[in-house]
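Here's a quick briefing to skim before you load the coordinates into anything. Have a look at the model first, then go through the points below.

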Amino acid sequence: SSVLASVPLHAHIALEIFSLSTQDYNDLLWLQNVFPSLYKYHSYLHNTRSTNGTNGLVYIYHPWESTLPLNAETWNAGVLDESEGLKNDSFYKPPSIPQYIKDSPNYPGDD
């Protein structure tokens, strides 16, 4: 199983479907049928993905959880900043490359 979560648009889409329907008894039953699953998913997001559990803001772990394109400047700045931070942290130790590999004519270099 993955820790990635989809964008929480399900409730909005369910209401859109209902608003486009004839809104008769069967449509209301359908809405009542999907509500528990929608509630459960939003409760999961609120309980596990909220910064403090009370502000209603949900954070995402990975750009794939967003509707933003992966080449958006927002991601470039945030992801690059974090990867650069990892390189500068004291716990980050790059793997050592054996000298015989460095001496190979095909070795691309350390830059």
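The chain has a mean pLDDT of 77, and 71% of its residues reach 70 or more; pLDDT is the predictor's confidence in each residue, on a scale from 0 to 100. This is a predicted model, so local features need pLDDT of at least 70 and side-chain atom pairs count only at pLDDT 80 or more, while totals for chains, interfaces and linings use all residues. Residues are numbered from 1 along each chain as its sequence is written, and side-chain values use heavy atoms, with hydrogens and water left out.

**Confidence and overall layout**

- Confidence is highest in helix α1 (residues 10-20), at a mean of 93, and lowest in helix α3 (residues 73-88), at 59.
- Where pLDDT is low, the predicted coordinates should not be read in detail.
- The chain comes to 4 helices and 0 strands, where helices (H or I, at least four residues) and strands (E, at least two) are DSSP runs, numbered from the N terminus.
- Along the sequence, that reads as α-α-α-α.
- Of the 111 residues in the chain, 13% are buried (buried is under 20% relative accessible area, exposed over 50%, partly exposed in between, with a 1.4 Å probe and protein chains only).
- Among the chain's contacts with a separation of 6 or more, 35% come from residues 24 or more positions apart (contact means heavy atoms within 4.5 Å).

- Helix α2 (residues 25-49) has 25 residues and should span 36 Å at 1.5 Å a residue; its end C-alpha atoms are 35 Å apart, which agrees. The expected span is 1.5 Å times one less than the number of residues.

**Helix α2: the buried side**

- The buried residues of α2 are Asp27, Leu31, Val34, Leu38, Leu45 and Arg49, and what covers them includes α1.
- Leu38 counts as buried because its relative accessible area is 15%.
- Setting aside neighbours within four places in sequence, Leu38 touches His10, Ala11 and Ala14.
- Leu38 and His10 are 28 residues apart along the chain, with their C-alpha atoms separated by 6.9 Å.

**Aromatic rings**

- The count comes to 2 aromatic pairs, where rings of Phe, Tyr and Trp (its six-membered ring) pair if their centres lie within 6.5 Å; planes under 30 degrees apart count as stacked, over 60 as edge-to-face and the rest as tilted.
- One of these is Phe35 with Tyr39, a tilted pair at 5.9 Å centre to centre and 35° between the planes.
- Phe35 and Tyr39 sit about one helical turn apart, because they are 4 residues apart in α2.
- Phe35 and Tyr39 are both exposed.

- Gln23 is in the loop between α1 and α2, and has a positive phi of about 55° although it is not a glycine.
- With 44% relative accessibility, Gln23 counts as partly exposed.
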